[in-house]
Amino acid sequence: MCPILILVLISQTLLLPACGKPHDADFDWEQGLNSVDSGDNLDGFDEEDLSEFCTINKKPYGRSLSKPQDVELIHLLTNDFVATGTRGGAKTKEDKIVDDALAGCPTTEKTTPFIDMDPGFRSVSRKIVNALAAQKTRKDVEKLAAAFKADPRVNYHLFWNSFMKAIQVRDDFRGAELPLGVEFQPEMFIPSEVMTQITSTKDDSDKEVFLIDESLGKRNGKENLLFYFREDIGLNSHHQYWHLSHAFDSKRKCTPKDKNVYNCHEDRRGELFWLMHKTILSRYHMDRLAVCLPDLEEYRLTLGGVINTAYYPVVKLKPDGTTVWGERPEGMQWPEAIVLTNDDAKPGVCNTTTLKTEDLVRNLYHIYGAINEGRYVDTKKKSFALTLDVLGNMHEGSDLTPNFDVYGTVHNMGHLFIAQLTNSKDTTGVMGDTSTAMRDPMFYRWHYFVSNNIDEFLRTLPPHEADKGEFPFLWKDVMVESVAIEEVKSCLTTSNSLNTFFKKQQVKITIPRLNTTKRLLFKSLDHRDFNYVIKVQNKGKQKVKGTVRIFIAPVHRIGTTESSRMSLLEQRKHIFPLDIYNVDIKPGKQTITRSSLDSTVTTARTIGGSLDGASIFNCKDNRCGCGVPHNLLIPRGREGSGMQFEVIVLITDGKKYVWDFDKEKDEKISGCKLAPVLCSLPGFGGRKYPDLTLPMGYPFDRLPFKAPADVQLSHQRRVETMEDYVKAVANMGLARITITHHNLFVKRQDWNSRENAQDIKQRHRTHMCPNWVKNL
């Protein structure tokens with residue numbers, strides 16, 4: 001037995017197995033937070049460590065590019081942004097297009113809204129996007145983009161947001177190496193305290209290292225326990241890119257002929273809005289349990305309601321350098337109305353739009369009515385059957401909503417109202433912009449409210465049945481005999497045990513606006529890579545194509561006893577998809593092994609490459625932007641004896657229920673690692689969502705079913721637990737696993753390295769169980 005494993009096993013006997021009393025009024029959260037061991041620090045950070053930095057932006061234009069045409073793109077996006085003065089000389093063709101696009105409400109660098117959910121921002125952005133998307137060639141797009149960027153009326157956030165939307169759907173930009181958000185808008189991603197250190201340092205070399213960890217968010221109290229999740233740069237970048245790729249202000253659905261047109265929506269956009277945000281919520285729910293926080297409470301909207309969730313942003317300065325994101329202390333009252341500006345009017349005229357809470361409540365009642373009746377009305381007062389896709393577009397206020405006057409834009413208005421609740425009239429909160437919204441704990445409370453509204457509709461739909469109904473999932477040809485999880489090259493655990501830890505994400509970044517290159521060190525949650533090992537039996541005589549769907553869900557509520565076992569109904573709000581992929585299954589028995597690195601839910605780890613030599617993740621792999629960062633694929637787990645989860649596998653008939661995604665082919669086209677489960681295939685010429693037949697989230701999008709008559713369960717035919725669910729379906733399997741978190745700050749993923757062994761040994765000798773955990 002390896003020495004590390006011995007140390008872990010001994011230490012676990014000294015630890016409390018669970019959280020105990022999460023609601024203890026005597027618990028001192030501040031003391032608890034200050035007692036958390038941050039593990040290793042920067043002491044001993046040597047040149048070997050520095051050599052492992054993933055360089056994500058090299059002067060003068062970008063990284064080593066595989067395509068020469070990407071040089072101009074990187075230069076356009078990352079070069080110093082200057083918007084002062086006026087244009088001189090005769091107007092060019094591009095100047096005239098710029099003037100036409102900006103002919104509405106006068107915009108300047110200081111007055112253009114700096115939040116992308118603001119109607120004023122969107123109305124200006126839409127005109128810029130349409131102008132860029134209408135150009136004939138890639139070179140024309142870049143020339144016009146340069147003209148927009150140089151115009152004194154356009155600030156950089158507006159320019160970048162519009163430009164990125166425009167190129168998402170153009171074939172001639174497909175596969176382009178796009179810079180990360182932290183490169184071209186560092187103030188939106190790097191905490192202000194660190195930005196101040198970067199800008200004030202006198203050392204022009206790139207040897208100084210700047211640390212980003214939970215010490216920056218202490219004012220947020222107990223919520224700071226989830227700093228590694230809410231403030232993760234990769235997760236916030238994913239949210240921003242998702243909304244860029246699936247913009248809510250397009251006019252119609254895309255068709256296969258729509259290759260270079262921005263002004264359309266891809267397939268099942270409203271349904272995807274629900275799935276992506278519900279998935280993030282599920283992941284957040286699990287990590288709250290892992291750090292012993294009580295269950296997330298949705299924010300129930302009421303007139304005159306009070307928000308008792310405070311947030312003090314660690315990212316404060318906006319890209320213009322003159323305004324800051326506002327702070328929201330506890331006890332702020334939901335406003336009766338807010339006033340916004342937009343330019344959807346005749347040239348030179350600014351409209352003001354007043355959003356009233358009473359209108360928001362009225363929209364909600366109309367949505368509830370549509371859910372209860374199962375029908376909605378369009379602008380011509382015609383009635384239609386309600387679908388999940390329509391309901392998703394209703395909530396987000398997409399231009400695909402069937403009737404804006406009746407159903408409004410509940411999701412967007414909630415973001416805007418919460419963003420207005422700051423301690424200064426001159427500031428807005430981070431909830432107003434997709435690049436920063438996920439940092440605010442209210443993001444999760446508000447989206448839980450929206451998700452629960454939509455789930456009310458899903459509860460009205462008939463359950464998916466094993467052997468009948470619209471989408472039966474029993475596949476008699478294939479049986480799942482067992483499911484196991486095995487870590488890769490680890491002596492820490494046995495089968496069905498996973499380990500998480502905090503890792504040093506090391507990045508060297510050039511910030512063109514500051515004309516400087518600096519080294520950043522992010523403290524990020526990560527895990528040992530692992531394999532799914534699925535033993536199956538094909539009872540037929542021919543090879544078949546199956547689609548493997550893998551999920552994870554926690555087993556217990558906060559506590560240790562079997563009475564805390566979650567029912568399947570409770571688990572539905574926590575279920576997180578890990579992967580969907582195709583596999584050929586030969587006749588007879590065989591073992592299917594799948595690497596966690598191949599997940600179709602995640603993109604690369606938070607900032608560029610894995611540092612342990614895994615070739616699948618390098619500095620270019622997250623250029624697609626959209627996708628949960630791979631370091632957050634699995635929940636954190638709990639220290640000591642760990643936290644129990646269930647990994648569920650369902651193999652469906654790949655011929656009947658087609659998963660239309662070819663990893664090798666599609667990622668070669670795109671130029672980077674894709675995450676189609678949550679992101680679809682944006683910009684692929686109107687291509688449908690890969691799950692061509694089944695509803696998203698299948699089969700857990702609906703309530704549990706009754707088991708077939710020949711399946712005997714302890715609750716007769718009622719399916720009350722995940723074990724019941726799996727037992728009733730032969731082509732499903734389940735593994736009970738344990739995820740153990742080690743509160744270490746390791747330099748590499750290699751658990752077996754000598755330096756990590758020393759880290760673990762030191763920690764077990766001192767305070768493996770911090771006092772604040774004992775007090776819970």
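**Reading strands, rings and cores**

Q: How many bridges join E13 to strand E14, and which way do they run?

A: Nine bridges join E13 to strand E14 (residues 576-585), and the two run antiparallel. Strands (E, at least two residues) and helices (H or I, at least four) are DSSP runs, numbered from the N terminus. Two strands count as paired if DSSP finds at least two bridges between them. Within this pairing, isoleucine 552 stands opposite phenylalanine 576 in E14. The model is predicted, so that local features need pLDDT of at least 70 and side-chain atom pairs count only at pLDDT 80 or more, whereas totals for chains, interfaces and linings use all residues. Residues are numbered from 1 along each chain as its sequence is written, and side-chain values use heavy atoms, with hydrogens and water left out.

Q: What joins E13 to strand E18?

A: Nine bridges join E13 to strand E18 (residues 643-653), again in an antiparallel arrangement. Here threonine 547 stands opposite threonine 652 in E18.

Q: Is strand E13 mostly covered or uncovered?

A: Buried means under 20% relative accessible area, exposed means over 50%, and partly exposed lies in between (1.4 Å probe, protein chains only). Strand E13 (residues 544-554) is mostly covered, with ten of its eleven residues buried. In a regular strand the side chains alternate between the two faces of the sheet.

Q: Which cysteine residues form a disulfide?

A: A disulfide is a pair of cysteine sulfur atoms within 2.5 Å. The structure holds one: cysteine 626 and cysteine 679, with their sulfur atoms 2.1 Å apart. The pair links distant parts of the chain, 53 residues apart. Cysteine 626 is in the loop between strand E16 (602-603) and strand E17 (628-629), and cysteine 679 is in helix H21 (residues 676-679). The link of cysteine 626 and cysteine 679 is left-handed, with -90° about the S-S bond.

Q: Are cysteine 626 and cysteine 679 buried or exposed?

A: Both cysteine 626 and cysteine 679 are buried.

Q: How many aromatic pairs does a search of the whole structure find?

A: A pair of aromatic rings is described by the distance of the centres and the angle of the planes. Rings of Phe, Tyr and Trp (its six-membered ring) pair if their centres lie within 6.5 Å; planes under 30 degrees apart count as stacked, over 60 as edge-to-face and the rest as tilted. The search of the whole structure finds 23 aromatic pairs. One of them joins tyrosine 365 and tyrosine 368 edge-to-face, at 6.3 Å centre to centre and 80° between the planes.

Q: Where are tyrosine 365 and tyrosine 368 in helix H14?

A: Tyrosine 365 and tyrosine 368 are three residues apart in helix H14 (residues 357-373), so about one helical turn separates them. Tyrosine 365 is exposed because its relative accessible area is 58%, whereas tyrosine 368, at 23% relative accessibility, counts as partly exposed.

Q: Which residues form one aromatic cluster?

A: Phe473, Phe551, Tyr657, Tyr698, Phe700 and Tyr725 form one aromatic cluster. The peptide bond from tyrosine 698 to proline 699 is cis, with omega near 5°. Proline 699 lies in the loop between H21 and helix H22 (722-727).

Q: Where does the charged end of lysine 523 sit?

A: A charge sits over a ring if NZ of Lys or CZ of Arg is within 6 Å of the ring centre and within 35 degrees of the ring normal. The charged end of lysine 523 sits over the ring of phenylalanine 502, 4.7 Å from its centre. Arginine 594 lies over the face of tyrosine 581, at 3.9 Å from the ring centre.

Q: What is the phi of lysine 381?

A: Phi of lysine 381 is near 65°, a positive value in a residue other than glycine. Lysine 381 is in the loop between strand E7 (375-377) and strand E8 (383-385), and counts as exposed because its relative accessibility is 74%.

Q: Which residues have the most contacts inside the largest nonpolar core?

A: A nonpolar core is a set of buried Ala, Val, Leu, Ile, Met, Phe, Trp, Tyr and Cys residues joined through side-chain atoms within 4.5 Å. The largest has 164 residues, and Phe159, Phe163, Trp446 and Ile534 have the most contacts inside it. H13 gives the most to this core, with eleven residues. A second, separate core of 22 residues includes Phe471, Leu568, Phe705 and Ala707.

Q: With which residues is serine 282 in contact?

A: Contact means heavy atoms within 4.5 Å. Leaving aside neighbours within four places in sequence, serine 282 is in contact with Lys573, His574, Ile575 and Phe576. Serine 282 lies in helix H13 (residues 269-290) and counts as buried, at 0% relative accessibility.
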